Amino acid sequence: MTRNDMGSGPPGQPDQPQPGERDAWLEVSGRKQRRRRVVLADSKGRGRAMRTIIELEEQTSVGEKLVRDLINQQLRTAFLLGGGTLLFLCALPALFLWVPGLSNVQLVGIRLPWIVLALLPFPLFYAIGFWFRRAAERHERDFVNMVDR
């Protein structure tokens, strides 16, 4: 038996694969190995965030206080925007009553009070709703950031 028959090459060098085996070997070795991140411990701040999340889920007194504060912020924003809108819309007829010159102005044959009271509320309500939604999302984002700290 010769050395080639045994399949062993020179010492320290790998055996030469057969042509079919060589193609499979090149496909496997040609792929890049993906890097993996190994984390041995969680960050220090994670324990506090988990404790806050657990308090929210179990509805402890601290969790209830956090949720109550979020609801109070949402209600305060809603009442301020709703009350301001209501005051503005109620002040318009009073303005037309106290300033008779405005109520006699006509645009396209229609008196100004009718135009203002018929057309102004719709874009105003849309803008107030948009503003409230943005404020509510900001309150919720602040709440989530506070819980995750």
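Author: Please do; let us begin with two helices. The model is a predicted one. In it, the axes of helix H6 (residues 112-119) and H7 come within 5 Å and cross at roughly 30°.

Reader: Which residues of H6 and H7 meet there?

Author: From H6 there are Val-116, Leu-117, Ala-118 and Leu-119, and they meet Pro-121, Phe-122 and Pro-123 of H7. By class, this contact of H6 with H7 has seven nonpolar, no polar and no charged residues.

Reader: How do you know that H7 spans what is expected of a helix with its number of residues?

Author: Helix H7 covers residues 121-148, which is 28 residues. The expected span is 1.5 Å times one less than the number of residues, and for H7 this comes to 40 Å. From its first C-alpha to its last, H7 reaches 40 Å, close to that expectation.

Reader: Why is H4 called roughly antiparallel to H7?

Author: Helix H4 (residues 61-98) and H7 pack at an angle of about 165°, with their axes 10 Å apart. Angles over 145 degrees count as roughly antiparallel, and therefore H4 is roughly antiparallel to H7. As for the handedness, H4 passes H7 in a right-handed crossing.

Reader: What makes up the contact of H4 with H7?

Author: On the H4 side, the residues include Leu-66, Leu-70, Gln-74, Leu-81 and Phe-88. On the H7 side, they include Pro-121, Ile-128, Ala-136, His-139 and Phe-143. The residues of the contact of H4 with H7 divide into 17 nonpolar, five polar and one charged.

Reader: Which residues of H7 are buried?

Author: They are Pro-121, Ile-128, Ala-135, Ala-136, His-139, Phe-143 and Val-147.

Reader: Is Gln-74 buried or exposed, and how do you know?

Author: Gln-74 has its place in helix H4. Its relative accessible area is 15%. The term buried applies under 20%, so Gln-74 is buried. Leaving aside its neighbours within four places in sequence, Gln-74 is in contact with Phe-132, Ala-136, His-139 and Glu-140.

Reader: What makes Glu-137 partly exposed?

Author: Glu-137, which is found in helix H7, has a relative accessible area of 35%. The C-alpha atoms of Glu-137 and Gln-74 are separated by 9.6 Å, although the two residues are 63 residues apart along the chain.

Reader: Why is Gly-84 described as partly exposed?

Author: Gly-84 is found in helix H4, and its relative accessible area is 36%. Since that value lies between 20% and 50%, Gly-84 is partly exposed. Gly-84 and Ile-128 are 44 residues apart along the chain, and their C-alpha atoms are separated by 9.7 Å.

Reader: Why is H4 called roughly antiparallel to H6?

Author: The axes of H4 and H6 come within 11 Å and cross at roughly 175°. As the limit is an angle over 145 degrees, H4 is roughly antiparallel to H6. Leu-92, Pro-93 and Phe-96 in H4 meet Leu-112, Pro-113, Val-116 and Leu-117 in H6. By class, the contact of H4 with H6 has seven nonpolar, no polar and no charged residues.

Reader: What makes Pro-93 partly exposed?

Author: The relative accessible area of Pro-93 is 39%. Because this falls between 20% and 50%, Pro-93 is partly exposed. The C-alpha atoms of Pro-93 and Trp-114, 21 residues apart along the chain, are separated by 10.0 Å.

Reader: How do you know that Val-108 is exposed?

Author: Val-108 has a relative accessible area of 84%. Exposed means over 50%, and so Val-108 is exposed. Val-108 lies in the loop between strand E1 (106-107) and strand E2 (110-111). Its phi is near 55°, a positive value in a residue other than glycine.

Reader: How many helices and strands does the chain have?

Author: The chain has seven helices and two strands. Along the sequence they follow the pattern α-α-α-α-α-β-β-α-α. Buried residues make up 15% of the 149 residues in the chain.

How values were computed: Residues are numbered from 1 along each chain as its sequence is written. This is a predicted model: local features need pLDDT of at least 70, side-chain atom pairs count only at pLDDT 80 or more; totals for chains, interfaces and linings use all residues. Side-chain values use heavy atoms; hydrogens and water are left out. Helices (H or I, at least four residues) and strands (E, at least two) are DSSP runs, numbered from the N terminus. Buried means under 20% relative accessible area, exposed over 50%, partly exposed in between (1.4 Å probe, protein chains only). Axes are lines fitted to C-alpha atoms, for helices over the stretch in contact, and angles run from 0 to 180 degrees between N-to-C directions. Angles under 35 degrees count as roughly parallel, over 145 as roughly antiparallel, 65 to 115 as roughly perpendicular and the rest as oblique. A crossing is left-handed if the near helix is turned anticlockwise from the far one by less than a right angle, and right-handed if clockwise. Contact means heavy atoms within 4.5 Å. Ala, Val, Leu, Ile, Met, Phe, Trp, Tyr, Cys and Pro count as nonpolar, Asp, Glu, Lys and Arg as charged, and the others, Gly among them, as polar.
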